[in-house]
Amino acid sequence: MQFPYEFRLGWRYTRAGRGTRRNGFISFISGVSMLGIALGVAALIIVLSVMNGFQKEVRDRMLGVLSHIEVLEPQGQALPELARTLQEAQAHPAVVGAAPFIAAQGLLARGEDMKGALVRGIDPALEPQVTELAAELADTVLPRLVPGQYGVVLGGALARSLGVTTGDAVTLIAPSGQLTPAGVVPRLRQMTVVGLFDSGHYEYDSTLALLHQDDAARIFRLEGPTGVRLKIRDLHAAREVAVELAARLSGDLLVRDWTRQNRTWFAAVQLEKRMMFIILTLIVAVAAFNLVSTLVMTVTDKRADIAILRTLGASPGSIMAVFVVQGALVGVIGTGAGLLLGLGVAFHIDTLVPALESLLGASFLPQDIYLISRMPSDPQRADILPIGLISLALAFLATLYPSWRASRVNPAEALRYE
């Protein structure tokens, strides 16, 4: 297969020989530009893959504890028509599970240790329909939550901070007290730890306490569940389903989906991802525009060659094409190498990071800060394709000015001193 001579000359200049010191320097600068593009593209892919993986990992673990949609009484009181609300919610075709619950806050005390807790009263028979955590505990821990026995299931981190384990007693302190002649006395109830759980999400492992909804209603003086938790077929459609439920449910009820419960966190991750994309794209841009200096030096070095080609009948467009091909090949090779390096690291980051942590004796992801303890990665085509196209576009743009200068070389002027 015969390639046009512009392509062959451009490829020859790309791999410029080292016969002279000047050619060797041009080749070195070309290699640096290629390496810079490769490293920039690889850094973009690795960083965005890690951020995607981090978001997906935290979201999945968060939804292992949270439900997709919650229907609540706006004032935090018992739902006025629980059976009707459950029936109307389950009638929606997207809803696959529903369970009543009580949400409250309290203090858990063990001796002198005291920790704030998110108290959730649940129905052990229905809760596995709406959360993965409850489904995992359905046959082991949840049957121990018997109404009237005041058992509690604690997150592993919360239990460790209180120094308790299964079978120990803790004291639950309700925020609203009882009014007595001696003043307001807080309501206390001794609970027995009947089990522990580990959701993998530190925020909930360190704060969540599960007890039977009947016990929670007695402790917090409620007439029944304060809300209904729903699971739907597609978690990504939670916002649309929540809007539809708000329009069809009877009564004055608050409907919120999982994206609104953690809106600030997800918005912060998206903003950080966009900023990292912009910052790292500038690295690719700097490397790509190093091609300008490489091509300018090549044009200066090849003035005699350009003049000879012009005298042999090459058009200015052909001369320009030669140097566009040279710069574009540097961009293509650099982008290809960066894609291979970035994807190689992104797909094997779960083994590379533990090796680095072991080598350096450091932990890159403390669980109490970053919510997860391992480095996740999720390369997505929607990120990788734009990265490759932007890198190629920047490399192509960088070739235009030097190539235009090459096409403007005057043959007579260039050969005067040869």
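Start with the strands. Strand β2 (residues 95–110) and strand β3 (residues 113–122) run antiparallel, joined by ten bridges. Two strands count as paired if DSSP finds at least two bridges between them. Helices and strands here are DSSP runs, numbered from the N terminus: H or I of at least four residues for helices, E of at least two for strands.

Before going on, the ground rules. This is a predicted model, so local features need pLDDT of at least 70 and side-chain atom pairs count only at pLDDT 80 or more, while totals for chains, interfaces and linings use all residues. Residues are numbered from 1 along each chain as its sequence is written, and side-chain values use heavy atoms, with hydrogens and water left out.

Back to the hairpin. β2 and β3 have two residues between them. G111 sits in that turn, with a positive phi of about 65°. Further along, A103 has R120 in β3 as its bridge partner. β3 also pairs with strand β7 (residues 208–212), this time in the parallel sense, over five bridges. There, I122 stands opposite H212 in β7.

Now helix α8, residues 238–248. Which of its residues are buried? They are A238, V241, A242 and L245. Buried means under 20% relative accessible area, exposed over 50%, and partly exposed in between, using a 1.4 Å probe and protein chains only. Seen down the axis of α8, the buried residues fall within an arc of 105°, so they line one face of the helix. That arc is taken from the directions from the helix axis to the C-beta atoms. On the other side of α8, V243 and A247 are exposed. What covers the buried residues? The cover includes β1, α3, β8, β9 (254–257) and α9 (258–261). Contact there means heavy atoms within 4.5 Å.

On to charges. How many salt bridges does a search of the whole structure find? Seven. The criterion is a side-chain nitrogen of Lys or Arg within 4 Å of a carboxyl oxygen of Asp or Glu.

Take R229 and E70. Their closest N and O atoms are 3.5 Å apart. R229 lies in strand β8 (residues 227–232) and E70 in strand β1 (residues 69–72), so the pair ties together parts that are 159 residues apart in sequence. R229 is buried, at 0% relative accessibility. E70 is buried too, at 4%. Both belong to a network of salt bridges that links E70, E127, R229 and R256. R229 also has its charged end over the ring of F101, 5.6 Å from the centre. To qualify, NZ of Lys or CZ of Arg must be within 6 Å of the ring centre and within 35 degrees of the ring normal. R189 does this as well, over the face of Y150, at 3.8 Å from the ring centre.

Two further salt bridges sit within helices. R84 and E88 meet at 3.2 Å, N to O. They lie four residues apart in helix α3 (residues 82–90), about one turn. R84 is partly exposed at 39%, whereas E88 is buried at 18%. R218 and D215 meet at 3.1 Å, N to O. This pair is three residues apart in helix α7 (residues 213–219), again about one helical turn. R218 is partly exposed at 48%, and D215 is buried at 0%.

That's the tour. Questions, please.
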